[in-house]
Amino acid sequence: MNSNTELLKQLKIDKSHKEAPGGGPPWGRIAAMAGVVALLGVIGAAGWFFFGHRPVEVQTATAVAPASAGEAGAVLQATGYVTARRQATVSAQITGTLTDVLIEEGDRVSKGQVLARLEDNALRASLQSAQAQAAAAHASVNQNEAQLDQALRDATRQEALVGRGLVSKQLAEQSRTQANTYRAQLNTARRQAQAADAQVGVAQVNLDYTVVRAPFDGVITDKAAQVGEIVSPLSAGGGFTRTGVGTIVDMDSLEIDVDVNEAYIGRVQPNMSAEAVLDAYPDWRIPAHVIAIVPAADRGKATVKVRVAIEQKDGRIVPDMGVRVSFLEHRAEARTDAPKGVMVPASAIVQRDGRDVAFVVADDKAHRHEVTAAKAANNDVRLVTVGLAAGDTVITAPPDTVVDGTAVRVTQPTP
């Protein structure tokens, strides 16, 4: 009986949990809970936006072309610079004011092309004056020719009359003397006409000096003067007179000058094969050969200058570029079985959607490239025949979070 009583007491309603006056559900607590849920949603969205758009840290490598030449041992390496054998600062041959400058840096020009013009009013007037004097001299020649012709006919008639006894011999001699006088005057007039023509030539040359022309085919590397400035072949001092209009370089004359330590100059021979690598393009190997060993040494640096010819000219090669030259023991012969494509680390090729892909870094983003790669890896390197080009920067071991367009940050310099 007592146990039943205890059970009934436990079933009684606890009066301390009465509802608030007015009854109804607890709306305040529901609103608070909704606010918390909304705040958590905002925080989650912000976290997704921040972490989803933060650049993924990756490591990269450079796709390089496979070796395409036979092995040729290098007996010596030296550094130098690309130089131009034909380079000229073009100037006017007279002092004058520029009225036209027709060049800009980077322009390609041909031999004889007009680069600039000087003010030419005075010289043009001098030319016209010389031409007028020459025309007058030639008119005098024509006049003397007519007079000589008439004098010769008169002398002939006088001699005929003398033979018939109608006039004296004195008159015939006078006619002959007159003819000889006109002949001498004609010769003088002709010499004067030649002198006048020469003056016209001088005036024409001076006028031509107001036109600055390209001495050879090349590229403009420097524009040194503007319209309105005075140029002169001689420096006038003071900084107000330009001595040149621009600099032109014959890109076909580019070669390499390297300084070889005099202790090793004996290893270098004329016509020796070489290989050049520009500092700007470390993966590009340029075939070359020795032109000459300059027979002079630099006492301060203990070096000897060697001229090296570039066998494959390219627009990427410009003067004053740094270059490293390897002097080869023998000329490398081209291989007919050289593989086509590029070499990349094996880890750069991953499977996505059942395809071989690689991710190329450009503009701080990953760009997916579907590739065709060799089946097996060779020394952790794979040959890619389709999808990549030499010089492409590829991501090594790209994580699954990297997709096409993912922002990335390279954590180490590209090799």
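Glu370 and Arg355 form a salt bridge, with 3.6 Å between the closest N and O atoms; a salt bridge here is a side-chain nitrogen of Lys or Arg within 4 Å of a carboxyl oxygen of Asp or Glu. The pair links distant parts of the chain, 15 residues apart: Glu370 is in strand S20 (residues 365-370) and Arg355 in strand S19 (residues 355-362). This is a predicted model, in which local features need pLDDT of at least 70 and side-chain atom pairs count only at pLDDT 80 or more, while totals for chains, interfaces and linings use all residues. Residues are numbered from 1 along each chain as its sequence is written, and side-chain values use heavy atoms, with hydrogens and water left out.

**Salt bridges**
- By this rule the count comes to 17 salt bridges.
- Asp353, Arg355, Arg368 and Glu370 are linked in a network of salt bridges.
- Glu370 is partly exposed at 43% relative accessibility, and Arg355 is partly exposed at 46% (buried is under 20% relative accessible area, exposed over 50%, partly exposed in between, with a 1.4 Å probe and protein chains only).
- Glu159 pairs with Arg176 in a salt bridge whose closest N and O atoms are 2.7 Å apart.

**Helix H4**
- Helix H4 (residues 169-208) has 40 residues and reaches 59 Å from its first C-alpha to its last, close to the 58 Å expected at 1.5 Å a residue; the expected span is 1.5 Å times one less than the number of residues.
- Helices (H or I, at least four residues) and strands (E, at least two) are DSSP runs, numbered from the N terminus.
- The buried residues of H4 include Ala172, Tyr182, Leu186, Val200 and Leu207.
- The buried residues of H4 pack against helix H3 (121-163) and strand S7.

**Strand S6**
- Of the 5 residues in strand S6 (residues 114-118), 4 are buried.
- S6 pairs with strand S4 (residues 96-101) in the antiparallel sense over 3 bridges, pairing requiring at least two DSSP bridges between the strands.
- Arg117 in S6 is the bridge partner of Asp100.
- S6 and strand S7 (residues 211-213) run antiparallel and are joined by 3 bridges, with Arg213 in S7 as the bridge partner of Val114.

**Confidence**
- The protein chain averages a pLDDT of 81, and 79% of the residues score at least 70; pLDDT is the predictor's confidence in each residue, from 0 to 100.
- Residues 15-24 stay under 50 in pLDDT and have 1 contact beyond four places in sequence, a contact being heavy atoms within 4.5 Å.
- Where pLDDT is low, the predicted coordinates should not be read in detail.
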